Amino acid sequence: MENNNNMGELKAQNQNKKQVRLFYCMECEELAAKVAAQSQLITLQSINWRNFDDGFPNLFINNAHDIRGQHVAFLASFSSPSVIFEQLSVIYNLPRLFVASFTLVLPFFPTGSFERMEEEGDVATAFTMARILSNIPISRGGPTSLVIYDIHALQERFYFGDHVLPLFETGIPLLKQRLHQLPDAEKIVVAFPDDGAWKRFHKLLDHFPMVICTKVREGDKRIVRLKEGNPAGCHVVIVDDLVQSGGTLIECQKVLVAHGAAKVSAYVTHGVFPKRSWERFTPKNDEGSEKGFAFFWITDSCPHTVKAIGNRAPFEVLSLAGSIADALQI
């Protein structure tokens, strides 16, 4: 009788959840498969990503009739300007196929670090991208749900118009889970490379001791210094939202080691690493110090990077798949 009751409860819970048809770009094929593996309620759908001879997209959404009245999602990766147009073409089309609702999952908002106009003539491309996404057609279920992880500047949430409902998620729970698995979990100190990173993340990590670094100008150079906190004798984990060249992380690591850190690791949600700059952190190329980085955790928000680094130390990939699967049920 008890087993029957449990089965009944499980069935009732599933009835309250959505069956989601998940489309994806070619770059996100592996991540999409991981998301679908999280739940029987998520079914993968396919698109023919083809090109005409002139290079422009020749796209086809397979089984378009079958998604009428269904909850539909698209997993995107705007890794370069060359792939954005073809994905936007699909993203603008899916809500118009009489779907019950439409969710766009864009784990990494790539223009997020270009959000300011410091002088007349600067182009804030983050605002441009937000306007483009804000004009996704409304589906039968209403505005598009837009899922983004650790957007670079908090004010960017106000760039989006009323045709989308932005849901700002974070990869920090994945980091916390991993840190608790470490043998030296009791000796963890979280470090922020600047005040911006502290503002974004300190409330999510407030049960850890903290160190804050700061960047100061000395002539043409920007020098990293310790602003507050004590890293001595501890495993210090530098936390930020993204990494490009990695120069700031390396300078921050040097400062922490100089102040007595036993070892230093890093976490960023978005490992962008243009021009294979991740190579600076592999053991033979690490410029931080002879100790190097113990761990470097990233998520799979940037599929090109995940494919490039493979299983190379010190990198570990913390997958967003479970978090994305949960977000599709909101």
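Here are some friendly notes on the predicted model above, point by point.

1. Ground rules. Residues are numbered from 1 along each chain as its sequence is written, and side-chain values use heavy atoms, with hydrogens and water left out. As this is a predicted model, local features need pLDDT of at least 70 and side-chain atom pairs count only at pLDDT 80 or more, while totals for chains, interfaces and linings use all residues.

2. Cys25 is in no disulfide, and its nearest cysteine sulfur, in Cys28, is 3.6 Å away. Cys25 is buried at 3% relative accessible area (buried is under 20%, exposed over 50%, partly exposed in between, with a 1.4 Å probe and protein chains only). For Cys234, the closest cysteine sulfur belongs to Cys213 at 14 Å, which is too far for a bond. Cys234 is buried too, with a relative accessible area of 13%.

3. Ser77. This residue lies in the loop between strand E5 (71–75) and helix H3 (81–93); helices (H or I, at least four residues) and strands (E, at least two) are DSSP runs numbered from the N terminus. Ser77 is buried, with a relative accessible area of 5%. Beyond residues up to four places away in sequence, Ser77 touches Cys25, Glu27, Cys28, Val83, Gln87, Leu106 and Pro303, where contact means heavy atoms within 4.5 Å.

4. Nonpolar cores. A core here is a set of buried Ala, Val, Leu, Ile, Met, Phe, Trp, Tyr and Cys residues joined through side-chain atoms within 4.5 Å. The largest has 51 residues, and Phe74 and Leu133 touch the most other members. Apart from it lies another core of 26 residues, among them Val211, Cys213, Ala261 and Ala266. Setting aside neighbours within four places in sequence, the contacts of Leu133 include Phe78, Leu88, Phe109 and Phe160.

5. Aromatic pairs. Rings of Phe, Tyr and Trp (its six-membered ring) pair if their centres lie within 6.5 Å; planes under 30 degrees apart count as stacked, over 60 as edge-to-face and the rest as tilted. The structure holds 13 such pairs. Phe295 and Trp297 are stacked, 5.0 Å centre to centre with 10° between the planes. Phe296 and Phe315 are tilted, at 5.1 Å and 40°. Phe296 lies in strand E14 (residues 293–299) and Phe315 in strand E15 (residues 315–318), so this pair ties together parts that are 19 residues apart in sequence.

6. Around Trp297 and Leu179. Trp297 is buried, with a relative accessible area of 0%. Among the contacts of Leu179 outside four places in sequence are Trp297, Phe208 and Val237. Leu179 lies in helix H5 (residues 172–181) and is buried at 1%. The charged end of Arg178 sits over the ring of Phe295, 5.5 Å from its centre (the rule asks for NZ of Lys or CZ of Arg within 6 Å of the ring centre and within 35 degrees of the ring normal).

7. Helix H7. Its 12 residues (247–258) reach 17 Å from first C-alpha to last, close to the 16 Å expected at 1.5 Å a residue, the expected span being 1.5 Å times one less than the number of residues. Which residues of H7 are buried? They are Gly247, Leu249, Ile250, Cys252, Gln253, Val255 and Leu256. Their cover includes strands E9 (188–192), E12 (235–243) and E14. Just after H7, Gly260 takes a positive phi of about 95°.

Definitions and conventions
A disulfide is a pair of cysteine sulfur atoms within 2.5 Å.
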